[in-house]
Amino acid sequence: MIKEILDFIIFQLFDKATVFLGFVAFIGLWLQKKTWGEIVDGVIKTVLGLLIIVIGAGTLFGSLGPIMNILNSSLGVKGVVPANEAAFAIAMATPLASSITTTFLLGFALHILMVFVMPWKIFKNVYLTVHMMLFLSTFLNLTLPVVMGLGGAPLLIVSAFLCALYWTLTPGITRVIGKSFLGDDLTLGHHQQAGAYLANRIGTFFGNKEQDAENLKLPESLSIFRDNTISMTILMALIFLGIGIAVGQPALAKVVGKDDWVIWLVLNGFKFTAGIVVLLSGVRMFIGSIVPAFKGISDKIIPGAVPALDSPAIYPYSPMGAMIGFLSSVVAAFVVMTILIVVNSPIIVFPSPIIMFFDGCAVGVFGNKAGGWKGAMFAGFVSSFIAHLGCVFLYPLMGPVYGSGLMFSNIDFTLIWLPVLYLLKFIAPFLGLI
């Protein structure tokens, strides 16, 4: 009986982001003594917001997957597409699935304890981007056996402790550098906290914050690009067309069938943008529900704490900065791919929608706030270049996921976890682990 109860709690409650955050919303609203109508409203909108995000993400990868597969097979190399959700799905089909879930639960408990005992206000942040927490738990369960030879209980303890440290410390970075525009309402809780700091430094060095991207005067012919949806639609259609031209019509025929290949490519670019629009609508619903609900937890359990949330929560603070960061991130992605092809790299990293959009937009906001439109542009380019190039060195460490053509993305995997993993790999023999 006890085993069945624990299985239900672990695998049906806490292992599902929608249910978990719906539970968080319930507790937060209940602690504030809200009416049952308000509680039901907050919980349902929190869950629906997350489900809409998932639907949007599925649309994104449904449009991008086929064209990337064609590009991979046409070039005849060991290509890899950094895509968190896909890599997570592969990992959860391995024997590591239960270890990943246990790491997440133990790490989250340690994180809450760390936040509770922290004497410094900047670290009073509760990491609530549950899917990103699961991705990091997965990433460490895949890589630590490779770099340190860990397994069993030691793997659980070390991976959970490292997760808790990251979830506790890094949101403090964006709370400090984002204080001027985020206040104490929220902070970033994605895998871009170190990336945001890099963007802040790049913006300060290269740009001028007085030249705010939001004040850019576009020519009348380019005024449509102020609409993020229009900009994204046009850009993605051009990217898909470029890839299609590179692989050629014969290769496309395998998936296009009787459809015109140009129309098929353009429509898939449009489909990608539709996924983004759906995703952002889900984010708005989710943020609008979880932030008020969190106030109950902040006031009653962890006084002074603020929620660390998904990166789209940051985009509205500088929509044009986010778009500039995205655009320059796209350029850097293709530059890295071209360089890897030219130097005959055994691993070719294809442009990642996660890095280009989610990282690009987030660092674009922080880059613009520190250095105006030039800060956003340079931040987007540099962060994307580093993140894509870092995948070359991270991919061989991915254990059972290596060779699948998929791996995890985001700038912090390169900025933080790449040096950490290679440091652990260096000291492991001295600890008698390998």
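Visitor: Which residues is Thr187 in contact with, leaving aside its neighbours within four places in sequence?
Guide: With those neighbours set aside, Thr187 is in contact (heavy atoms within 4.5 Å) with Asn125, Pro171, Thr174, Arg175, Leu182, Val306, Pro307, Ala308 and Leu309. This is a predicted model, in which local features need pLDDT of at least 70, side-chain atom pairs count only at pLDDT 80 or more, and totals for chains, interfaces and linings use all residues. Residues are numbered from 1 along each chain as its sequence is written, and side-chain values use heavy atoms, with hydrogens and water left out.

Visitor: Is Thr187 buried or exposed?
Guide: Thr187 counts as buried because its relative accessibility is 0%. Buried means under 20% relative accessible area, exposed means over 50%, and partly exposed lies in between, with a 1.4 Å probe and protein chains only.

Visitor: Where does Thr187 lie?
Guide: Thr187 lies in strand S3. Strands (E, at least two residues) and helices (H or I, at least four) are DSSP runs, numbered from the N terminus.

Visitor: In what order do the strands of the open sheet come?
Guide: Three strands form the sheet, in the order S2-S4-S3, and their pairing is parallel. The edge strands are S2 (125–127) and S3 (187–188), each of which pairs on one side only. Two strands pair if DSSP finds at least two bridges between them.

Visitor: How many bridges join S2 to S4?
Guide: Three bridges join S2 to S4, which spans residues 306–309. Tyr127 stands opposite Ala308 in S4.

Visitor: Back to Arg175: where is its place?
Guide: Arg175 is in helix H7, residues 152–177. Arg175 is buried, with a relative accessible area of 5%.

Visitor: What does the side chain of Arg175 make a polar contact with?
Guide: The side chain of Arg175 makes a polar contact with the side chain of Asn125, at 2.9 Å. A polar contact is a pair of N or O atoms within 3.5 Å; within protein, one must be able to donate a hydrogen and the other to accept it, and residues adjacent in sequence count only if both atoms are side-chain atoms. A polar atom of the Arg175 side chain also lies 2.9 Å from the backbone oxygen of Lys121. The backbone nitrogen of Arg175 lies 3.2 Å from a polar atom of the side chain of Thr187.
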